[in-house]
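These questions ask how the terms used for a model follow from its computed values. Each answer sets a value against its definition.

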Amino acid sequence: MSFFKSKYPIVAVGMNQVSTVELAVACHRAGIFPTISAFNNYKVGVLQVEDFKKTLERYISITGTSDVIASMGAKDFTNPKVLTLLCDLKISHVELLDNVNHETIKSILEHKAQFNKHAGYVMFKALYVHDKCYPFDGFIIKGPDGAGRSAPGDSNSLDTYFANLKNIAPSVA
């Protein structure tokens with residue numbers, strides 16, 4: 001696949017406290033495109049950027065590639081230290097999980113432009129059925145029947161999420 005440089009067209013998307021460097025390495029070795037969650041490097045609700053850097057460097061050292069999805073919140077992505085880290089390490093993909101709304105989108109898109117400019121990398125946002133479709137390069141749809149997080153009380157199927165994506169972003173779906 002050209003969008004994901006992996007042997008198989010399978011992506012192991014981010015799972016908080018599960019998407020570790022060990023799982024990412026195993027996925028890479030199996031030919032699956034991996035994810036590393038920044039949330040594994042949180043202490044008292046704050047991303048420890050140096051710890052996250054060490055995690056990403058460990059993955060790159062073991063696999064010889066920076067082709068990985070770094071899963072994080074929008075607040076972390078818009079942190080200049082994190083953006084510099086992602087660009088310096090040439091991390092190939094980012095999945096944004098939260099705080100993408102009309103108040104934060106301008107800053108996010110400015111950082112996305114810098115991220116894309118440094119090496120043409122791809123930006124994701126986890127998409128829930130109620131989300132607005134902002135101009136990202138791709139979307140990850142998560143829902144309860146796919147073992148993904150969803151809005152409280154939301155019991156829509158992945159088919160419903162995908163139909164909504166086709167409605168709000170026909171050129172993407």
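Predicted model: local features only at pLDDT ≥ 70, side-chain atom pairs only at ≥ 80, totals over all residues.

Terms and values

Q: What makes a stretch of the chain a helix or a strand?
A: Both are DSSP runs numbered from the N terminus: a helix is H or I over at least four residues, a strand is E over at least two. By that rule the chain has 6 helices and 7 strands. Their order along the sequence is α-β-β-β-α-β-α-α-β-α-β-β-α.

Q: Why is Val 44 called exposed?
A: Exposed means over 50% relative accessible area, buried under 20%, and partly exposed in between (1.4 Å probe, protein chains only). Val 44 has 85%, so it counts as exposed. Val 44 lies in the loop between strand E2 (42-43) and E3. Its phi is positive too, about 50°, although Val 44 is not a glycine.

Q: What makes the pair His 93 and Ser 92 a polar contact?
A: A polar contact is a pair of N or O atoms within 3.5 Å; within protein, one must be able to donate a hydrogen and the other to accept it, and residues adjacent in sequence count only if both atoms are side-chain atoms. Here the side chains of His 93 and Ser 92 are the partners, at 2.7 Å.

Q: How do you know that the length of H2 agrees with its residue count?
A: The expected span of a helix is 1.5 Å times one less than its number of residues. For the 15 residues of H2 (residues 49-63) this gives 21 Å, and the end C-alpha atoms are 21 Å apart, which agrees.

Q: Which residues of H2 are buried, and why are they said to line one face?
A: Val 49, Phe 52, Thr 55, Leu 56, Tyr 59 and Thr 63 are the buried residues of H2. Seen down the helix axis they fall within an arc of 125°, so they line one face; the arc is that of the directions from the helix axis to the C-beta atoms. An α-helix has 3.6 residues a turn, so residues three or four places apart point the same way. On the face turned away from the buried side, H2 carries the exposed residues Glu 50, Lys 54 and Ser 61.

Q: What do the buried residues of H2 pack against?
A: They pack against helix H1 (21-30), strands E1 (35-37), E3 (46-47) and E4 (69-72), and helix H4 (80-88), where contact means heavy atoms within 4.5 Å. After H2 comes Gly 64, with a positive phi near 80°.

Q: Why are the buried residues of H1 said to line one face?
A: The buried residues of H1 are Val 21, Ala 24, Val 25 and Cys 27. Their arc, seen down the axis, is within 160°, so they line one face of H1. These residues pack against E1 and H2. H1 is followed by Gly 31, whose phi is positive, near 90°.

Q: What makes E4 paired with E1 and with strand E5 (residues 93-96)?
A: Two strands pair if DSSP finds at least two bridges between them. E1 and E4 are joined by 3 bridges and run parallel; E4 and E5 are joined by 4 and also run parallel. Ala 70 in E4 stands opposite Ile 36 and opposite Val 94 in E5. From E4, Ile 69 and Ser 71 point one way and Ala 70 and Met 72 the other, and all are buried.

Q: Why is Lys 5 called exposed, and which residues does it contact beyond four places in sequence?
A: Lys 5 is exposed because its relative accessible area is 62%. Leaving aside neighbours within four places, Lys 5 is in contact with Phe 33 and Asp 67. Lys 5 sits in the segment before H1.

Key:
Residues numbered from 1 in each chain as written. Heavy atoms only, no water.
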